[in-house]
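Hi there,

I am passing a structure on to you, and I hope you enjoy looking through it. Please open it first; my notes follow below.

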Amino acid sequence: MITTRVTDSEENIHSTFGSRFVRDPLPRYKMPEKSIPKDAAYQIINDELMLDGNPRLNLASFVTTWMEPECDKLIMASINKNYVDMDEYPVTTELQNRCVNMIAHLFNAPVGESETAIGVGTVGSSEAIMLAGLAFKRKWQQRRRDQGLPCDKPNIVTGANVQVCWEKFARYFEVELKEVKLREGYYVMDPEKAVEMVDENTICVAAILGSTLTGEFEDVKVLNDLLVQKNAETGWDTPIHVDAASGGFIAPFLYPDLEWDFRLPLVKSINVSGHKYGLVYAGVGWVIWRTKDDLPDDLVFHINYLGADQPTFTLNFSKGSSQIIAQYYQLIRLGFEGYRNIIENCMENARVLKEGIERTGQFEVLSKDVGVPLVAFMLKDSTKHTVFDIAESLRRFGWIVPAYTMPADAQHIAVMRVVIREDFNRSLAMRLVTDIEKVLQEHEVRANRLSATTVIKTDAEENHAKKTVVQIQEEVTRHWKKFVKGRKAIVC
Ligand SMILES: *Cc1c(COP(=O)(O)O)cnc(C)c1O
């Protein structure tokens, strides 16, 4: 039999790109029968991954894309540690508890200097929000049962600008989501309307510190005061949760006098993403409860570890330890001073970018000066091109900038958003402005060329010209919505 099969020993002397492994397509549906050499596997996967975007240029995400090499070393050294093995890795457990204490103090939880705070490390804010939401649901049910009242129709009040994980919570844990609608020019939850929506079945009102869409802080203080009043009038006991996924590591450093946290009596729990401005790679979040009483006992599992009681409350069992260790590294390495410096730089770079974007004369900036360091902006005139076109064109320069439409009732507004992270420096900000200018110019040239060739206008086009700016905007966003349907989760 004539065969061209290369023998194993021959394979070993071939270079990777001279071997058959780079020539054959990799199976995509069924596991291959045979093994391949490790260097070939590495090369093939590594090369295919080259087509992913560059995380550092991914301006769509709040999630950390750079850490110090010293911390990378700690992460790699603990990559094989399962966090749940608390008996075996007691130090890791201790580091998590220290992080919980430090973050609780940062949020002004009523705990003494050397008292243990109530909270837990999670995979991210989503898990943290599921846990906090569950605690509220359980507390509310207990109270209703004690009063002999029905407890089968729980609801939660939020703004329509909530991150998708709240919709997940509502659906997974069977709680009705009552959203306060937005309006043009106002893109956060109106506290007055929120309190109006509260009824006897409301398990909590969720406020966002750092709206995902515009970075704006919701007014938790006003919400608290209005709700205190309503509770007094009705005899209800509706609490507040603050979703501080992005703002939890901003406000304490930049706006220490802003009251949004446990200083407000109705705030019973707060979540924050360690992997956003907590400055750790993806995979860590935190939820902190005001006091032990705010976390129903029957949701907590007690693990007896080293003779001591270690309460746990998470959805998952196994998970990595690296992120917890990395969070502890950041907290002690940077300290208050370090976080403040980094966040101040982010704000400063956001300001430069914002000014550059405004200088083009074509955009209106929606993000506020106080809030999360990001720039959200819309086109003043979307008749020639849209923010979706601009986002598309920016891709050519390597930039990944998301464009999306606002939730109800501001659906006709389409915006772009650039998140400023620690690793986005001044020269990158200036270069992005230059590239946006280039894109605008290109679009201008193209639009002129097009209009020069259109001599005879049809009736439809004449009518088009008579449409108001809002109508055109609505039409354009309706068109684009088809493409970006279900994209809410992409804005993270
Ligand atoms: C990012 C974000 C979330 C989800 O957090 P993950 O840590 O990605 O799970 C929830 N709420 C807000 C306001 C966010 O910005």
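Let me start with the ligand: the shell around it has five nonpolar, nine polar and one charged residues. In total, 15 residues surround the ligand, and the closest are Gly124, Ser125, Ser126, Gln163 and Ala245. Please keep in mind that this is a predicted model.

Next, the sheet. Seven strands make up an open sheet with mixed pairing, and their order is β1-β7-β6-β5-β4-β2-β3. At the edges are β1 (118-122) and β3 (176-180), each of which pairs on one side only. On average, neighbouring strands of this sheet are turned by 20 degrees against each other, direction ignored. Helix α8 (residues 220-234) packs on the sheet, where it touches β4, β5 (240-243) and β6 (267-273). The direction of α8 makes about 170 degrees with that of β5.

Asn155 has Thr202 in β4 as its bridge partner.

Finally, a helix pair. The axes of α4 (residues 90-106) and α10 (residues 322-359) come within 9 Å and cross at roughly 50 degrees, so the two helices are oblique to each other. Their crossing is left-handed. On the α4 side, Thr92, Leu95, Gln96, Arg98, Cys99 and Met102 take part, meeting Ile324, Ile325, Gln327, Tyr328 and Leu331 in α10. The residues of this contact divide into seven nonpolar, three polar and one charged.

Terms used: Residues numbered from 1 in each chain as written. Predicted model: local features only at pLDDT ≥ 70, side-chain atom pairs only at ≥ 80, totals over all residues. Near = placed C-beta within 6 Å. Nonpolar A, V, L, I, M, F, W, Y, C, P; charged D, E, K, R; others polar. Pairing = 2+ DSSP bridges. Helix = DSSP H or I, 4+ residues; strand = E, 2+ residues; numbered from the N terminus. Axes fitted to C-alpha atoms, helices over the stretch in contact; angles between N-to-C directions. Contact = placed C-beta atoms within 7 Å. Parallel < 35°, antiparallel > 145°, perpendicular 65-115°, else oblique. Left-handed = near helix turned anticlockwise from the far one by under 90°.
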